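Open the structure in your viewer and keep the selection tool at hand. Each stop below says what to select and what is there.

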Amino acid sequence: NPTNNSEFGFAVALARSGDRVVVGAPKEYSGSSNVNSTPIYTKPGAGAAYIYRREVTANPVPATNWVQEAYLKASNPDQNDWFGYAVAMDETGDTVVVGAHKEDGNFSGVNGGQGNNGIDYDRGAAYVFARTPGTTNWSQVAYLKPFGINTNSAGLDYFGWSTAISGDTILVGAYNGARDATYVFARSNGVWTTRQRLTNSGPASVGFGYAV
(Lines give C-alpha, C1' and ligand atoms only; values in the text may rest on other atoms or scores of the structure.)
Protein backbone atom coordinates (compact mmCIF):
# COMPACT_ATOMS: atom_id res chain seq x y z
CA ASN A 1 0.00 0.00 0.00
CA PRO A 2 1.91 3.08 -1.19
CA THR A 3 0.06 5.44 1.19
CA ASN A 4 1.19 3.40 4.17
CA ASN A 5 4.18 4.74 6.13
CA SER A 6 5.54 1.20 6.41
CA GLU A 7 9.24 2.16 6.70
CA PHE A 8 10.01 -0.35 3.96
CA GLY A 9 13.78 -0.83 3.91
CA PHE A 10 14.33 -0.17 7.62
CA ALA A 11 16.29 -3.46 7.72
CA VAL A 12 17.78 -5.52 4.89
CA ALA A 13 19.82 -8.72 4.56
CA LEU A 14 21.32 -10.43 1.54
CA ALA A 15 22.23 -14.04 0.78
CA ARG A 16 25.90 -14.64 0.09
CA SER A 17 25.10 -15.48 -3.53
CA GLY A 18 23.53 -12.07 -3.98
CA ASP A 19 20.45 -13.65 -5.56
CA ARG A 20 17.99 -13.17 -2.68
CA VAL A 21 17.30 -10.31 -0.30
CA VAL A 22 14.89 -9.81 2.60
CA VAL A 23 13.55 -6.33 3.37
CA GLY A 24 11.82 -5.32 6.60
CA ALA A 25 8.89 -2.91 6.84
CA PRO A 26 8.18 -2.70 10.59
CA LYS A 27 5.32 -0.22 10.39
CA GLU A 28 3.34 -1.95 7.63
CA TYR A 29 -0.20 -2.22 8.92
CA SER A 30 -1.87 -5.28 7.45
CA GLY A 31 -3.58 -7.57 9.95
CA SER A 32 -3.17 -10.61 7.70
CA SER A 33 -0.91 -13.48 8.78
CA ASN A 34 1.63 -16.00 7.48
CA VAL A 35 3.15 -16.09 3.96
CA ASN A 36 1.67 -14.43 0.85
CA SER A 37 -1.59 -13.52 2.57
CA THR A 38 -3.88 -10.84 1.17
CA PRO A 39 -3.21 -7.57 3.03
CA ILE A 40 -5.97 -6.32 5.32
CA TYR A 41 -5.01 -2.85 6.50
CA THR A 42 -6.36 -2.98 10.04
CA LYS A 43 -3.36 -3.15 12.41
CA PRO A 44 -0.97 -0.18 12.33
CA GLY A 45 2.62 -1.15 13.01
CA ALA A 46 2.03 -4.91 12.73
CA GLY A 47 4.93 -5.01 10.29
CA ALA A 48 5.94 -7.16 7.33
CA ALA A 49 8.97 -8.45 5.45
CA TYR A 50 9.48 -9.08 1.75
CA ILE A 51 11.76 -11.53 -0.05
CA TYR A 52 13.01 -10.74 -3.55
CA ARG A 53 15.06 -12.90 -5.88
CA ARG A 54 17.21 -11.99 -8.85
CA GLU A 55 16.47 -13.60 -12.17
CA VAL A 56 18.96 -13.52 -15.02
CA THR A 57 17.66 -14.14 -18.53
CA ALA A 58 19.66 -14.78 -21.69
CA ASN A 59 17.01 -14.32 -24.35
CA PRO A 60 16.19 -12.25 -26.23
CA VAL A 61 18.97 -10.22 -24.59
CA PRO A 62 20.82 -10.68 -21.29
CA ALA A 63 18.94 -8.99 -18.50
CA THR A 64 18.70 -9.03 -14.72
CA ASN A 65 15.36 -8.55 -13.03
CA TRP A 66 14.30 -8.64 -9.40
CA VAL A 67 10.92 -10.17 -8.53
CA GLN A 68 9.04 -10.41 -5.26
CA GLU A 69 9.11 -14.01 -4.07
CA ALA A 70 7.34 -13.84 -0.71
CA TYR A 71 5.36 -11.47 1.51
CA LEU A 72 6.02 -12.46 5.12
CA LYS A 73 3.73 -11.78 8.05
CA ALA A 74 3.76 -13.05 11.61
CA SER A 75 1.54 -16.02 12.40
CA ASN A 76 0.03 -13.96 15.25
CA PRO A 77 0.09 -10.35 14.03
CA ASP A 78 -0.97 -7.51 16.27
CA GLN A 79 -0.71 -3.77 15.98
CA ASN A 80 2.60 -2.19 16.96
CA ASP A 81 4.54 -5.49 17.02
CA TRP A 82 7.03 -4.00 14.52
CA PHE A 83 7.63 -7.30 12.75
CA GLY A 84 10.48 -6.56 10.33
CA TYR A 85 12.44 -4.20 12.60
CA ALA A 86 15.34 -6.66 12.27
CA VAL A 87 15.89 -9.22 9.50
CA ALA A 88 18.56 -11.81 8.75
CA MET A 89 19.10 -14.25 5.88
CA ASP A 90 21.42 -17.24 5.87
CA GLU A 91 24.27 -17.68 3.41
CA THR A 92 22.25 -19.80 0.98
CA GLY A 93 19.11 -17.67 0.98
CA ASP A 94 17.03 -20.59 2.30
CA THR A 95 16.25 -19.35 5.84
CA VAL A 96 15.13 -15.96 7.11
CA VAL A 97 14.75 -14.60 10.65
CA VAL A 98 12.45 -11.64 11.32
CA GLY A 99 12.46 -9.79 14.63
CA ALA A 100 9.38 -8.21 16.23
CA HIS A 101 10.72 -6.68 19.42
CA LYS A 102 7.37 -5.18 20.46
CA GLU A 103 5.36 -8.43 20.22
CA ASP A 104 3.47 -9.11 23.46
CA GLY A 105 3.16 -12.88 23.89
CA ASN A 106 4.47 -14.16 27.23
CA PHE A 107 5.67 -17.64 26.22
CA SER A 108 9.21 -19.01 26.42
CA GLY A 109 11.56 -20.81 24.05
CA VAL A 110 10.51 -22.25 20.69
CA ASN A 111 6.98 -22.67 19.29
CA GLY A 112 5.05 -21.93 22.46
CA GLY A 113 1.39 -21.02 22.12
CA GLN A 114 0.68 -17.83 20.24
CA GLY A 115 -2.90 -17.20 21.25
CA ASN A 116 -2.07 -14.96 24.20
CA ASN A 117 -0.51 -12.17 22.17
CA GLY A 118 -1.11 -8.96 24.12
CA ILE A 119 -0.37 -10.44 27.55
CA ASP A 120 3.21 -9.32 28.13
CA TYR A 121 3.96 -5.83 26.84
CA ASP A 122 6.94 -5.68 24.43
CA ARG A 123 8.40 -9.02 25.47
CA GLY A 124 9.37 -9.46 21.81
CA ALA A 125 9.58 -12.39 19.40
CA ALA A 126 11.45 -13.62 16.34
CA TYR A 127 10.03 -15.70 13.49
CA VAL A 128 11.94 -18.17 11.32
CA PHE A 129 10.90 -18.84 7.73
CA ALA A 130 12.36 -21.51 5.45
CA ARG A 131 12.19 -22.11 1.73
CA THR A 132 11.23 -25.56 0.48
CA PRO A 133 14.35 -26.83 -1.37
CA GLY A 134 14.19 -26.37 -5.12
CA THR A 135 11.11 -24.13 -4.96
CA THR A 136 10.11 -20.55 -4.28
CA ASN A 137 7.71 -21.58 -1.51
CA TRP A 138 8.28 -20.15 1.98
CA SER A 139 6.67 -21.10 5.30
CA GLN A 140 7.09 -20.19 8.96
CA VAL A 141 8.99 -22.95 10.77
CA ALA A 142 9.65 -21.48 14.22
CA TYR A 143 8.35 -18.87 16.66
CA LEU A 144 11.16 -17.82 19.01
CA LYS A 145 10.81 -16.23 22.45
CA PRO A 146 13.27 -15.44 25.25
CA PHE A 147 14.05 -18.21 27.74
CA GLY A 148 15.85 -18.68 31.06
CA ILE A 149 14.07 -15.72 32.65
CA ASN A 150 10.92 -15.18 34.69
CA THR A 151 8.23 -14.93 32.04
CA ASN A 152 5.69 -13.81 34.65
CA SER A 153 7.58 -10.58 35.33
CA ALA A 154 7.17 -7.38 33.38
CA GLY A 155 7.88 -7.56 29.66
CA LEU A 156 9.93 -4.94 27.83
CA ASP A 157 12.71 -7.35 26.87
CA TYR A 158 12.65 -6.14 23.26
CA PHE A 159 13.67 -9.63 22.17
CA GLY A 160 14.04 -9.42 18.40
CA TRP A 161 15.66 -5.98 18.40
CA SER A 162 18.51 -7.59 16.44
CA THR A 163 18.86 -10.90 14.59
CA ALA A 164 21.59 -12.91 12.88
CA ILE A 165 21.85 -16.35 11.29
CA SER A 166 24.70 -18.49 10.03
CA GLY A 167 24.15 -22.09 9.02
CA ASP A 168 22.25 -23.81 11.82
CA THR A 169 22.70 -21.07 14.43
CA ILE A 170 20.50 -18.06 15.15
CA LEU A 171 21.27 -15.16 17.47
CA VAL A 172 18.52 -12.86 18.74
CA GLY A 173 19.34 -9.72 20.69
CA ALA A 174 17.12 -8.49 23.53
CA TYR A 175 18.08 -4.94 24.33
CA ASN A 176 16.56 -3.54 27.51
CA GLY A 177 18.38 -2.36 30.59
CA ALA A 178 18.87 -4.89 33.38
CA ARG A 179 17.68 -7.74 31.15
CA ASP A 180 19.98 -7.10 28.19
CA ALA A 181 20.85 -10.48 26.66
CA THR A 182 21.50 -12.35 23.45
CA TYR A 183 19.87 -15.72 22.83
CA VAL A 184 21.31 -18.61 20.84
CA PHE A 185 19.10 -21.12 18.99
CA ALA A 186 20.33 -24.18 17.08
CA ARG A 187 18.85 -26.31 14.30
CA SER A 188 19.19 -30.09 14.11
CA ASN A 189 17.34 -32.21 11.55
CA GLY A 190 15.25 -29.19 10.63
CA VAL A 191 14.10 -28.50 14.21
CA TRP A 192 15.05 -25.32 16.10
CA THR A 193 15.76 -25.52 19.85
CA THR A 194 17.08 -23.21 22.57
CA ARG A 195 20.83 -23.35 23.15
CA GLN A 196 22.12 -20.60 25.44
CA ARG A 197 21.30 -17.19 26.95
CA LEU A 198 24.30 -14.87 26.81
CA THR A 199 24.70 -11.93 29.19
CA ASN A 200 27.45 -9.41 29.77
CA SER A 201 29.68 -9.55 32.84
CA GLY A 202 29.59 -5.80 33.40
CA PRO A 203 26.91 -3.53 34.84
CA ALA A 204 23.35 -3.54 33.55
CA SER A 205 21.98 -1.08 31.01
CA VAL A 206 24.95 -1.21 28.65
CA GLY A 207 22.88 -2.17 25.61
CA PHE A 208 24.19 -5.73 25.36
CA GLY A 209 22.20 -7.28 22.52
CA TYR A 210 21.61 -3.99 20.72
CA ALA A 211 23.35 -5.52 17.69
CA VAL A 212 24.34 -9.09 16.84
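Start at Leu 72. Beyond its neighbours within four places in sequence, Leu 72 is in contact with Asn 34, Val 35, Ala 48, Ala 49, Ile 51, Phe 83, Val 96, Val 98 and Phe 129. Bear in mind that this is a predicted model.

Now widen the selection to the core. The largest nonpolar core has 20 residues. Leu 72 is among those with the most contacts inside it, together with Val 22, Ile 51, Phe 83, Val 96, Val 98 and Tyr 127. Which strands each supply at least two residues of this core? Colour S1, S3, S4, S5 (86-89), S6 (95-100), S8 (125-131) and S9 (138-145).

Next, select Val 128, Ile 165, Ile 170 and Tyr 183. They belong to a second, separate core, which has 17 residues.

Switch to cartoon view for the sheet. Four strands form an open sheet, ordered S1-S2-S3-S4, with antiparallel pairing. S1 (11-14) and S4 (63-72) are the edge strands, each pairing on one side only. From one strand to the next, the twist averages 20°.

Zoom in on S2 (residues 20-25) and S3 (residues 48-57). These antiparallel strands are joined by six bridges. Pick Val 23: its bridge partner in S3 is Tyr 50.

Last stop: Arg 20, in strand S2. Is Arg 20 buried or exposed? Arg 20 counts as buried because its relative accessibility is 13%, under the 20% cut-off. Show its side chain along with that of Glu 69: a polar contact of 2.8 Å joins the two.

Technical notes: Residues are numbered from 1 along each chain as its sequence is written. This is a predicted model: local features need pLDDT of at least 70, side-chain atom pairs count only at pLDDT 80 or more; totals for chains, interfaces and linings use all residues. Side-chain values use heavy atoms; hydrogens and water are left out. Two strands pair if DSSP finds at least two bridges between them. Axes are lines fitted to C-alpha atoms, for helices over the stretch in contact, and angles run from 0 to 180 degrees between N-to-C directions. Buried means under 20% relative accessible area, exposed over 50%, partly exposed in between (1.4 Å probe, protein chains only). A polar contact is a pair of N or O atoms within 3.5 Å; within protein, one must be able to donate a hydrogen and the other to accept it, and residues adjacent in sequence count only if both atoms are side-chain atoms. A nonpolar core is a set of buried Ala, Val, Leu, Ile, Met, Phe, Trp, Tyr and Cys residues joined through side-chain atoms within 4.5 Å. Contact means heavy atoms within 4.5 Å.
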